[in-house]
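Biologist: Hi! Could you walk me through this structure in plain words?

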Amino acid sequence: MGEKVLWEHGKSGGSKFISRRRIVYLETYANEKGNGLRYLQMLAKQYPTVQSASSEIINLQAILNLPKGTEHFMSDIHGEHEAFLHILNNASGAIKEKVDLLYSDSMTKGERADLATLIYYPHEKLEEAEEAAVSAEELGNWYKVTLNRLVDICRLVASKYTRSKVRKALPQNYGYIIDELLNTNIGMFNKKEYYTNIISTIIHIECAKDVIIALCDTIKRLIVDHLHIVGDIFDRGPRADIIMDCLMGHHSVDIQWGNHDVLWMGAATGSRTCIATVLNNSITYNNLEVIETGYGISLRPLALFANEVYQNVDTSCFATKIVNNNVTYSPKDLELAAKMHKAIAIIQFKLEGQLILRNPQFHMQDRLLLDKIDYKKGTVKIDGKEYPLSDTDFPTVDQNAPYLLREDEVRLMEQLKAGFQRSEKLQKHIKFLYSKGGLYKCFNGNLLYHGCIPMEEDGSFAEFELQGEKLSGKALMDHAEAVARQGYYAKGGTPEKQFGKDFLWFLWCGKNSPLFGRDKIATFERMLVPEESAWTETKNPYYRHAMKKEVCLRILKEFGLEGQYSHIINGHVPVKTKQGENPVKAQGKLIVIDGGFCRAYQPTTGIAGYTLIYNSYGIRLSSHEPFDGVKDAIEHNKDIVSTSVVFERADTRIKVAETDTGELLRANIEDLKWLLLAYKMGDIKENHNV
Ligand SMILES: O=P(O)(O)OC[C@H]1O[C@](O)(COP(=O)(O)O)[C@@H](O)[C@@H]1O
Ligand SMILES: [Mn+2]
């Protein structure tokens with residue numbers, strides 16, 4: 001746009017020039033923006049005077065020069081709410097870093113760890129301090145020292161934001177006091193007494209604890225500007241619902257859906273296939289709490305059905321996996337869980353078969369296994385090869401119509417479906433996943449996705465035919481996301497809704513789906529075929545090709561990203577650190593940050609996984625030790641951030657101007673300048689009465 005010329009010339013003024021400016025303004029602005037004037041009129045409602053528009057320009061221009069806000073990346077949380085909250089609290093080591101920065105000379109290592117833990121868990125640590133103090137005086141002194149320290153840390157983390165942004169982030173309670181404390185420099189003339197007086201009054205009127213909590217919350221709120229979740233919030237671990245609640249309360253977050261998340265999205269929208277699979281996954285880990293307590297979905301119908309239909313049936317192949325040794329289950333509990341597990345798994349296999357048969361375009365006919373069972377021989381034929389089965393006692397399977405649900409199974413699924421659809425909490429969480437989530441995200445030069453960009457053997461982008469259209473690369477991701485949305489938002493009972501629901505299941509485990517990235521899901525084999533070679537799930541060629549820098553550059557380019565500071569940030573695949581695997585691949589272009597929160601996988605990975613921090617100094621990768629619970633973390637001041645490596649350092653401190661927000665702010669500044677011109681031209685009148 002001719003904006004630059006316009007403003008340079010503007011300096012000289014003159015009536016002749018005014019008319020030229022007016023022509024340029026009408027031509028360029030109205031033509032380029034279409035309805036430009038109407039847009040400016042709307043903008044004028046927010047900035048009704050020359051003065052307000054000018055102030056905003058100055059404000060935005062100043063923000064461009066501030067350091068870039070910190071981004072925090074987490075992935076593959078898998079229901080481990082305690083570990084997740086812990087890493088969110090300590091911002092992958094970023095809080096400890098600030099404590100060390102300020103106090104490494106004046107406090108011991110242990111004291112600093114104690115202070116950091118207070119910031120993570122203020123309620124618990126305050127109780128501890130209260131109990132430890134021998135007198136009110138000692139406690140008062142502790143409050144005083146702690147309040148001063150927390151204000152210093154808070155001031156440090158607030159220093160890279162505008163005062164207005166900090167003010168908006170302050171908690172309602174005590175926000176005004178914290179604002180005063182943050183902005184009072186005790187070195188300033190006349191202010192020392194004022195400052196110390198605020199602190200002593202806080203202690204005197206017995207609200208030190210509340211102010212400490214408010215300060216700790218403010219530090220945690222300001223330390224990270226934006227959170228990215230690279231998928232797989234759900235399944236395996238105990239309470240994904242608590243994680244979702246926490247994300248909903250977060251000030252700024254985006255989510256790239258993982259295969260486990262879309263499965264839950266499908267279940268919430270009423271796909272019976274997804275519901276059966278969600279239940280199978282949960283019962284596999286004997287984790288019914290998330291369903292019953294978290295989402296208030298009663299499993300009584302399933303328990304009754306399983307007890308009746310699977311009363312005298314062999315369920316030895318369906319014993320649940322117990323990962324958390326702190327919980328003990330009675331043999332009766334375990335027996336019932338195995339029956340429920342078998343009942344729902346068989347329903348799942350039937351419904352999957354129906355879905356595959358009605359969607360030949362998914363090319364998943366090789367997963368139709370219930371009709372490949374030879375009950376006499378006790379075998380199943382998979383890809384033309386016969387395998388012995390460890391169980392053929394399937395009382396509800398009709399050999400002549402193996403994919404048909406029995407009437408009691410239909411009734412059961414209707415009850416369960418109603419439970420999923422009527423769970424207010426689940427529906428709220430899934431809506432949130434739709435509003436904050438997507439299949440991928442381009443953010444400040446990085447490309448984030450959970451699984452893969454499907455590829456052919458030769459490394460070219462794999463083509464999928466979806467609803468008559470051949471799609472690959474970015475177009476595939478965009479289309480797939482649109483269909484995933486259709487599954488939730490299309491009108492019930494329509495073919496669009498049905499296809500959308502089926503497609504959510506396809507995204508979960510479909511052949512080479514961008515979220516799953518494997519040629520098949522071997523749930524059937526893992527449960528029923530003892531021969532382990534049948535369990536192999538072959539990864540999409542992407543996982544081989546993406547190890548090369550040039551391939552990553554090609555992927556980034558496909559998504560419109562290039563340059564030294566662009567990376568792919570991937571989840572989904574646990575990094576086997578124990579076997580010497582490095583999360584940084586393709587000469588630094590690909591970072592795999594499976595958070596490794598999942599306890600079941602920790603013995604294989606060797607550590608609990610990785611998270612990423614991207615601040616104004618560059619990118620830092622943190623590795624984590626397994627989390628042993630909040631109690632242990634508090635008692636031993638555990639950070640669980642074992643090592644933190646700077647993986648890429650910026651040459652100079654990165655400013656907001658260089659970020660996506662910077663681009664947006666520049667566009668806003670430009671619009672506001674046009675608005676100023678419109679005021680000056682008289683096309684829009686100022687309004688001083690607001
Ligand atoms: O180890 P589990 O919980 O039995 O799950 C195994 C299944 O999970 C999957 O790995 C998918 O989950 P991820 O997205 O976490 O990898 C399947 O490929 C596999 O069949
Ligand atoms: Mn995954």
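This is a predicted model: local features need pLDDT of at least 70, side-chain atom pairs count only at pLDDT 80 or more; totals for chains, interfaces and linings use all residues.

**A helix across a sheet**

Modeller: Happy to! Helix H26 (residues 549-558) lies across strand S9 (446-449), strand S12 (568-570) and S14, and runs at about 95° to S12. Helices (H or I, at least four residues) and strands (E, at least two) are DSSP runs, numbered from the N terminus. Axes are lines fitted to C-alpha atoms, for helices over the stretch in contact, and angles run from 0 to 180 degrees between N-to-C directions.

Biologist: Okay, in what order do the five strands of the open sheet come?

Modeller: The order is S8-S9-S12-S14-S13, with mixed pairing. Two strands pair if DSSP finds at least two bridges between them. Strand S8 (440-443) and strand S13 (584-585) stand at the edges with a single partner strand each, so one side of each has no neighbour in the sheet.

Biologist: How many bridges join S8 and S9?

Modeller: Four, in the antiparallel sense. In S9, leucine 448 is the bridge partner of lysine 441. S8 and S9 also form a hairpin with two residues between them, and asparagine 444 in the turn has a positive phi of about 45°.

Biologist: And S9 with S12, parallel or antiparallel?

Modeller: S9 and S12 pair in the parallel sense, over three bridges. Tyrosine 449 has asparagine 570 in S12 as its bridge partner.

Biologist: Which way do the residues of S9 point?

Modeller: Asn446 and Leu448 point one way, Leu447 and Tyr449 the other way, and all are buried. Buried means 20 or more other C-beta atoms within 10 Å of the residue's own, exposed means 12 or fewer, and partly exposed is in between, with C-beta atoms placed from the backbone. In a regular strand the side chains alternate between the two faces of the sheet.

Biologist: Let's switch to helix H18. Which residues are buried there?

Modeller: In H18 (residues 300-309), they are Leu302, Phe305 and Ala306. Down the axis of H18, the buried residues fall within an arc of 95°, so they line one face of the helix. The arc is that of the directions from the helix axis to the C-beta atoms.

Biologist: What do the buried residues of H18 pack against?

Modeller: Helix H19 (331-358) and helix H20 (407-422). The face turned away from the buried side of H18 carries the exposed residues Arg300 and Glu308.

Biologist: One more: at what angle do H3 and H29 pack?

Modeller: Helix H3 (residues 36-46) and helix H29 (residues 660-681) pack at about 95°, with axes 10 Å apart. That makes H3 roughly perpendicular to H29; angles of 65 to 115 degrees count as roughly perpendicular. Leu40, Leu43 and Ala44 of H3 meet Asp671, Trp674, Leu675 and Ala678 of H29. Residues are in contact if their C-beta atoms, placed from the backbone, lie within 7 Å.

Biologist: And where is methionine 527?

Modeller: Methionine 527 is in helix H24 (residues 523-528). Methionine 527 is partly exposed, with 19 other C-beta atoms within 10 Å. Leaving out residues up to four places away in sequence, methionine 527 touches Cys317, Phe318 and Ala345.

Definitions and conventions: Residues are numbered from 1 along each chain as its sequence is written. Chains are lettered from A and ligands numbered from 1 in the order in which they are written. Angles under 35 degrees count as roughly parallel, over 145 as roughly antiparallel, 65 to 115 as roughly perpendicular and the rest as oblique. Two residues are in contact if their C-beta atoms, placed from the backbone, lie within 7 Å.
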